[in-house]
Amino acid sequence: MKFAVLVYEGPYNHEASDSAYNFIKAALKKGHEIRGIFFYHDGVYNVTKLMEPPQDDRHIANRWSELGALGIDIVACIAAAKRRGIVDDVLVPNVRISGLGQLTMMAIEADRMVTFGD
Amino acid sequence: MAEVKKIMFTVRKAPHGSIYVYEGLEVKLIMAAYDADISVVFMDDGVFALQKGQNTKALGIKGFEATYGALVDYEISKIYVDRESLLSRGMTEADLLVIGEDEESEEPLHPQVVDADFIANLMAQQHNILCF
């Protein structure tokens, strides 16, 4: 199945980001395709390289970047990002900022869109 | 030609107090420009987003009632409200915003108040559902 994943919450504050990541890892392991990952609302904070969690904790932005390195399209919404000070300069590699049109294409092209967040 | 995909939005949160509903509205306005069959269902506290007479001045934030009141102008006309959510909040159809006007008759258009069975049936027909 072709999944798209929509993440509404920022990292660490809320489990949504971890759940989304675990879902994607499990889906890939089962042989499913991830059409894309879209960060919206505070979700855009997931992909800033400025985060520096303690070394014994997971590095959430780097985890997304690793998924991006596999060729998965990872997009932070430009309107949501601009509100929150997330710009190209602070992105981890393999992630891009783009418009809601990208979310639209994911919703149209994926068999299922799975949303994580409140 | 590829089949036009049905995409539903559900609005379940109160319009103010968090940004979900406002940013959710932005998604609807963008998605309306694409080739998709859009419907919007207001349920739970989401019905407050369609309440007439909102005033966000004291909150110090920009309100968006006017935009919800013009969804039809964005070619989003399939707008439904869950009857039970509405009634359990002490509201009636008369409390709801006008969402535009009929192109020909210029009569005001109202959101359609429907039962849970109708919504369930509509959900079952969707390609994807986005929740705000």
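Visitor: Let's start with Phe116(A): is it buried or exposed?
Guide: Phe116(A) is buried, at 13% relative accessible area (buried is under 20%, exposed over 50%, partly exposed in between, with a 1.4 Å probe and protein chains only). Keep in mind that this is a predicted model: local features need pLDDT of at least 70, side-chain atom pairs count only at pLDDT 80 or more, and totals for chains, interfaces and linings use all residues. Residues are numbered from 1 along each chain as its sequence is written, chains are lettered from A and ligands numbered from 1 in the order in which they are written, and side-chain values use heavy atoms, without hydrogens and water.

Visitor: Good to know. How many aromatic pairs are there over all chains?
Guide: The count is 13 (Phe, Tyr and Trp rings, the six-membered one for Trp, with centres within 6.5 Å; planes under 30 degrees apart are stacked, over 60 edge-to-face, the rest tilted). One of them joins Tyr21(A) and Trp64(A), edge-to-face, at 6.0 Å centre to centre and 90° between the planes.

Visitor: Which residues make up the aromatic cluster?
Guide: Tyr8(A), Phe38(A) and Tyr40(A) from chain A, together with Phe9(B), Tyr20(B) and Phe132(B) from chain B, form one cluster.

Visitor: Over to chain B, then. In what order do its elements run?
Guide: Starting at the N terminus, β-α-β-α-β-α-β-β-β-α-β, with four helices and seven strands in the chain. Of its 132 residues, 44% are buried.

Visitor: Where does Thr10(B) sit?
Guide: Thr10(B) belongs to strand 1 (residues 5-11) of chain B, and at 2% relative accessibility Thr10(B) is buried. Beyond its neighbours within four places in sequence, its contacts (heavy atoms within 4.5 Å) include Val41(B), Met43(B) and Phe132(B).

Visitor: Last one: how many residues of helix 4 in chain A are buried?
Guide: Seven of its 10 residues, so to speak "mostly covered"; among them are Leu100(A), Leu103(A) and Ile108(A).

Terms used:
Helices (H or I, at least four residues) and strands (E, at least two) are DSSP runs, numbered from the N terminus.
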